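Please examine the structure shown below together with its sequence. The briefing that follows is arranged by topic.

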Amino acid sequence: MRPLSITAGSAVCALGTGRAALRAALHARQGGLRPSGFPGAPEGIWLGCVPGVETVPLPPALSAFACRNNRLAELALATDGFAEAVEAARERYGADRIAVVLGTSTAGIEETEQAYRRRDPASGALPADFDFASTHDLQALPRYVRARLGLRGPALAVSTACTSGARTFLEAATLIEAGLADAVVAGGVDTLCRMTLHGFASLELLSRSGPCRPCAADRDGISIGEAAGLVLLERAERAAPNAPLLLGVGASSDGHHMSSPHPEGLGAVAAMRDALESAGLQVEDIDYVNLHGTGTRANDAMEDRAVSHLFGDRVPCSSTKGWTGHTLGASGALEALIAMICVEDGLIPGCLGVEEVDPGFRSDVAIANRTAPVERVLSNSFGFGGSNCALVIGRPLS
Amino acid sequence: MKCWVGGLAVLGPGLPGWAESEPILAGAQPWTPAELALPPPAMLPPTERRRTSLAVRLALAAAAEAAAGEDAAALDTIFASSNGDGAVVGAILEALSDPEGTISPTQFHNSVHNAAAGYWGIGAGSTRPSVSIGGHDDTFAAGLLQAAATVVTHRRGLLFCAYDAPLPPPLAAVRHTTLPFAAAMVLRPEPVPAARAALTLRYVAEPAEASPSTEGLDALARENPAARALPLLRALAVRRAALLRLPLLGDAHLEVAVEPC
């Protein structure tokens, strides 16, 4: 693919509101996971909450969209100069030439969970003020963002479980390449809800011993988080000098099992290879791999096999989910913004809270921050349904 | 954007598959509403087959019919659904609102919007890229636009499948979907011998006029988002040139020019 400029980016997660907070926390090794205070969550887990998200106001004209997920989207639009950057692009290209492609696994389903608790005791009906289309429906997220930004281009909701956020970069690149858009608002927004928390609990995949510890010998599961990661993608000519670009995207399916990855990581290898091929790069051109690294026994072991199959132990890798938690359909987008920071700062953020790497792992897992030139990052996302996606972010080969 | 339509599928009340439905869609035979019977998907291993819901059966049956005679495992896929597996999502919401309720692991992994795509990968033995999208009432048009963009950009064959099933109460009252419907087609970047028609697609940032026909078979489009495929399916069945305008996002539409091969 032709590289794309990441002209603007906004990140909101447990580490704070904005990319500066994300950057500072990564350098200072201060994580955002805390003991759960989320109503109705399983006992004894840690979460990556965005404080105060439930009170973020939406513009009155768009109040029908009010739900936890769209409030988090609104917070991200108002952060890092994102809405202003889109407005400048709108003036450049016209509102109908800017598309919105956003990923989410559960959209505003937290609103539906609340509505279920307010059902009519006699009929079981949901309350009359519950607006399904503007909250629960997947399309509510891109529709809200498109309306809020005054855009008139195509809009798409991508929902491929935990690859949703990463996968939007591929769909966005396709829209630009096909000539349907000059710029695309892409990324992911996913918020805490009881469905996700109890769902992962039913699979016995949540860490019960504290914050998640991806790649650790004693890792025992996921800590769930919430986040919004938004980017404005356009042709590379628009990029600031030396700025990291979206260089490639790869995708594959496992075709193996609904919730367990292929044990040898064949799908993960295929997605990483596809991303390198799409970027016109070789394995030696990658300086750091940001792992999907959720902290479960099986996923991390599979990913180590896949990464070491391609890179041996020559490329440092780590997961940043010990800081943010697993932000599900937003994780791929949030970690794309982390990859940009790694390139800009020459930072390899070692896995947080890990004393000993799984002795069975063969790749070079960083557990302390390292300072090194980072020209290009490969960022992995994997999800239920055997969905795999990998991004390459950084500077092109000179 | 121009692409070519190969294999086709349709499933809905009184529309039990493309071959039987083609004369009905073309207007040569009357449409008679009849319940759609969907057997468990033979492409899945028995353990997985038993667990499949109506939404997954719909998606897999339509995808398999459209890809019949093709190397199904070699096709990229786009699965488009407004409601996903609403029966599973509804059951989880019920369980969460009941203090004694529990969610099963299978229910949870089946609740993801890409569950049908995941089962397709397992059943077809496909490791090709797959994306699952939602688009409320405009899911079919949104998916077709992305499918065409993918085909012209990546220059590979793609299987596009749109499907939706009714939601259980109380969700049924807030999301109108009264019957099952699915449509699927294989799209190609170049004319192939078996191609039925060429499609030229254009995104237009102006609202579309209301659909000319909303009676009989065409009324299904009001009952299921995937049935908004009907104007295109009818044009393909009757093998005549047509210019269609499928609404998108309230203020835009997808213009589809159909030229029979």
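**Helix H9 of chain A**

The buried residues of H9(A) are A:Leu266, A:Gly267, A:Ala268, A:Ala270, A:Ala271, A:Met272, A:Asp274, A:Ala275, A:Leu276, A:Ser278 and A:Ala279; a residue is buried if 20 or more other C-beta atoms, placed from the backbone, lie within 10 Å of its own. The model is predicted: local features require pLDDT of at least 70 and side-chain atom pairs count only at pLDDT 80 or more, while totals for chains, interfaces and linings use all residues. Residues are numbered from 1 along each chain as its sequence is written, and chains are lettered from A and ligands numbered from 1 in the order in which they are written.

- H9(A) is mostly covered, with 11 of its 14 residues buried.
- The cover over these buried residues includes strand E10 (245-253), helix H10 (297-311), strand E16 (376-383) and strand E17 (387-394) of chain A.
- The end C-alpha atoms of H9(A) (residues 266-279) are 20 Å apart, which agrees with the 20 Å that its 14 residues should span at 1.5 Å a residue (1.5 Å times one less than the number of residues).
- A:Gly280 follows H9(A) and has a positive phi, near 65°.

**Chain A overall**

- Chain A contains 12 helices and 17 strands (DSSP runs numbered from the N terminus: helices are H or I of at least four residues, strands E of at least two).
- Its radius of gyration, taken over C-alpha atoms, is 20 Å, close to the 21 Å from the globule rule for 398 residues, so chain A is as compact as a globular protein of that length; the rule is 2.2 Å times the number of residues to the power 0.38.
- Of the 398 residues of chain A, 66% are buried.

**Strand E2 of chain B**

- Five of the five residues of E2(B) (residues 76-80) are buried, so this strand is largely enclosed by the rest of the structure.
- B:Asp76, B:Ile78 and B:Ala80 point one way from E2(B), and B:Thr77 and B:Phe79 point the other way.
- E2(B) pairs in the parallel sense with strand E4 (residues 158-164) of chain B over five bridges (pairing requires at least two DSSP bridges), and B:Ile78 has B:Phe160 as its bridge partner in E4(B).
- Four bridges join E2(B) to the parallel strand E3 (residues 130-134) of chain B, where B:Ala80 stands opposite B:Ile133.

**Nonpolar core**

- In the largest nonpolar core, of 237 residues, A:Val184, B:Ala59, B:Ala62 and B:Ala182 touch the most other members (a core joins buried Ala, Val, Leu, Ile, Met, Phe, Trp, Tyr and Cys residues through C-beta atoms within 7 Å).
- Helix H3 (residues 54-67) of chain B contributes the largest share of this core, 11 residues.

Definitions and conventions:
A residue is buried if 20 or more other C-beta atoms lie within 10 Å of its own, exposed if 12 or fewer, and partly exposed in between; C-beta atoms are placed from the backbone. Two residues are in contact if their C-beta atoms, placed from the backbone, lie within 7 Å.
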